[in-house]
Amino acid sequence: MPPTEQTKISKEVLFDLHRRMVRIRLLEEAAGQLASEAKIPGFIHLYVGEEAVASGGCVALKDEDQISSTHRGHGHLVAKGGQFKPMMAEFMGKATGYCKGKGGSMHISDLDLGMLGANGIVGAGVPIAVGAAFANKYKNNGLVTMAFFGDGSTNIGAFHEGANMACALHLPIVFMCENNEYAEYTARDRVMAITDVADRAAAYGMPGVIVDGMDVVAVYEAARVAVERARNGEGPSMIECKTYRFYDHAGVSGLGRTYRSDEEVKEWMERDPIKLFEAQLAKAKVMNEEQAKEIHAEIQAEIDEAIEFAENSPMPDPAVDMLTDVYTEAS
Amino acid sequence: MAETEERIIRYNDAFKETLAELLRDDPDVFIAGEDVGRYGGVFQSFAGLNAEFGDERVVDTPIAEQAIIGLGIGAAAVGLRPIVDLMFMDFVMVAMDQIANQAAKMKYMFGGKATLPLTITTTGGAGLGAAAQHSQSLEAWLVHVPGLKVVFPSNPYDLKGLLVSCVRDDNPTIFTLHKAMLGSQGHVPEGLYEIPLGEARVVREGSDATVVAIGRMVSEAEKAAAALAEEGIEIEIIDPRTLMPFDIETVIKSAKKTNRIVIVHEAVRHGGIGAEIAAQIQEEAFDYLDAPIGRIAAPFAPVPFSPSLERAYVPDAASIIQGVKDALHRNG
Ligand SMILES: Cc1ncc(C[n+]2csc(CCOP(=O)(O)OP(=O)(O)O)c2C)c(N)n1
Ligand SMILES: [Mg+2]
């Protein structure tokens, strides 16, 4: 990132990009730790390594804009303004969680923040984002929807149907691909004959750009252009972020796996998006090491508090909570 | 098969071994699904198969459930004997058109000309904190569709025999493993053997009540039986093993003997397979029943994430014991 380009972005935005990334990273590290201690039940899909995508994307949005998410959804919710206490409580299945403990990590959401839900079904968030974009256009409210999705999800029908429909209806939407080169434990080149997901954009009639997904400013810049296009009624765009998950598909093991080499993991870790950005910020004299440390510590304290809150929160009560929320009751 | 020594292996290993033996046995058999190749499946149920049989016979597919089932249908229609995998049973819904409108109906619509020796393998069931979209038991959706066979093995021995029958069957079959049973163990002979589809197993004989249990609920019923026996209550347990075709004769025979029936499954009670079984029992054995037919099943809600809710959601030995006692305390 040449410093000349960076100067175009306000210091406020740079701090915001940084803060959101660190909030995701520290929450994910804590969640991973708690999962390995079995304090968080079920599967947990961590976003560590991919923070620049959610952060760069969401900083380009307004608070009222919407996003759709995936099974790897914690980062999206944090980037869209998710609070640690109800997130941590949800991970642990507590009644005080965002979803009252009914959804857990894989379904975490808060519609009040415009977050249309993490999703257990790969690709399923895309058509839902298309629907939100349709409503925004219908209401002419000037809002934009951003659909986050993985490389693997672009192989499923729901993705193609959603992308085509969005373009056919000329909707205010941004397709934000997190290409981390794997779908679970299968490498992209075993299940796709193309290297760049962005190539698919042309097939639907929208621009597709590729950005370095470890460079939060690059993601932000591309997202800003796409969001502006959508807001101006110029239709959908696709951004492909080349990124990598540092941990396994699920859980916290990282190295020593058969489906990807340790060298590859380490190479990507060299390009840790937070470290890269902090180095840039220090070089540009926007934020020094000391300030960065303080921000980490402040966020860590907030997370520690959230863990305590979650641990002390009650579990939902089967006698009371089992059958509620299945239907909306007539008012 | 005439082995005298017990060979105790894991349910998951029985699955893998059976697949390997089927691949060796018939060159027309191949396997396709997400992560089943190089990685060996998310539960390692396919471990080693790709290394032994290669990319052509143990195929890693894109995330594309409709196309995975379609791949199986098309290949079966022109002469292969595919085994296609849906990682989680919940993804049946993603592929439902191919399963219910295509695979199930092709033969009938084509006046009998199509033959589809297709096996769909998948994993169902709750209990692992996997929440609403990775924990379902969807057998009721499947048995409602004429043209499909639906199989639920409850132990490693049956798993092998039933899987062989599914793969050798000339109809689309859906074979559901239970995620929470993958590590369970049992005797499994080496080599291929068949257990006919549509033959229930009497797991335990008893005279006081009959429990018809499906999938993982069989082991819960066995626990319930042991506890009830201490109170002098002897229950008969029937494992249907296949839900379509369904061995109603074995159930009716037992109903006429014990006069009290409790059906237990993990799926939601409303519209569940238990309703169909109960209806058939009352049609055939109404005069023999001394109590209403009990149904122990999940409440009418999606599978909840929180351990406190999930525990209460999934039927277990305690709820089966309660169901049996309810049936016993009603005198008709
Ligand atoms: C319809 C469907 N098929 C399969 C799965 C199992 N599954 C969960 S995540 C995943 C891989 C997704 O890959 P990608 O979209 O690249 O996202 P990433 O995990 O890399 O972030 C798969 C196959 C699922 N949840 N839903
Ligand atoms: Mg991926």
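The model is predicted. Chain B splits into domain 1, residues 8-187, and domain 2, residues 201-328. Their C-alpha centres lie 26 Å apart. The contact draws 26 residues from domain 1 of chain B and 23 residues from domain 2 of chain B.

**Buried area**
- Domain 1 and domain 2 of chain B bury about 1,900 Å² between them.
- Carbon and sulfur atoms give 62% of that area.
- On the domain 1 side, B:Glu139, B:Val143 and B:Phe152 lose the most area to domain 2 of chain B.
- Together these three residues make up 23% of what the domain 1 side buries.

**Salt bridges and polar contacts**
- Two salt bridges are found across the interface of domain 1 and domain 2 of chain B.
- B:Asp158 forms a salt bridge with B:Arg241.
- The closest N and O atoms of B:Asp158 and B:Arg241 are 3.1 Å apart.
- Polar contacts across the interface of the two domains of chain B link 11 residue pairs, with both residues at pLDDT 80 or more.

**The domain 1 side**
- Three elements of chain B each supply at least two residues of the domain 1 side that touches domain 2: helix H6 (139-143), strand S6 (149-151) and helix H7 (156-168).
- By class, the side of domain 1 of chain B that touches domain 2 has 15 nonpolar residues.
- Eight polar and three charged residues also belong to this side of domain 1 of chain B.

Methods
Residues are numbered from 1 along each chain as its sequence is written. Chains are lettered from A and ligands numbered from 1 in the order in which they are written. This is a predicted model: local features need pLDDT of at least 70, side-chain atom pairs count only at pLDDT 80 or more; totals for chains, interfaces and linings use all residues. Side-chain values use heavy atoms; hydrogens and water are left out. Domain bounds come from an automatic or database domain assignment. Contact means heavy atoms within 4.5 Å. Buried area is the accessible area (1.4 Å probe) that two parts lose on being put together, summed over both. A salt bridge is a side-chain nitrogen of Lys or Arg within 4 Å of a carboxyl oxygen of Asp or Glu. A polar contact is a pair of N or O atoms within 3.5 Å; within protein, one must be able to donate a hydrogen and the other to accept it, and residues adjacent in sequence count only if both atoms are side-chain atoms. Helices (H or I, at least four residues) and strands (E, at least two) are DSSP runs, numbered from the N terminus. Ala, Val, Leu, Ile, Met, Phe, Trp, Tyr, Cys and Pro count as nonpolar, Asp, Glu, Lys and Arg as charged, and the others, Gly among them, as polar.
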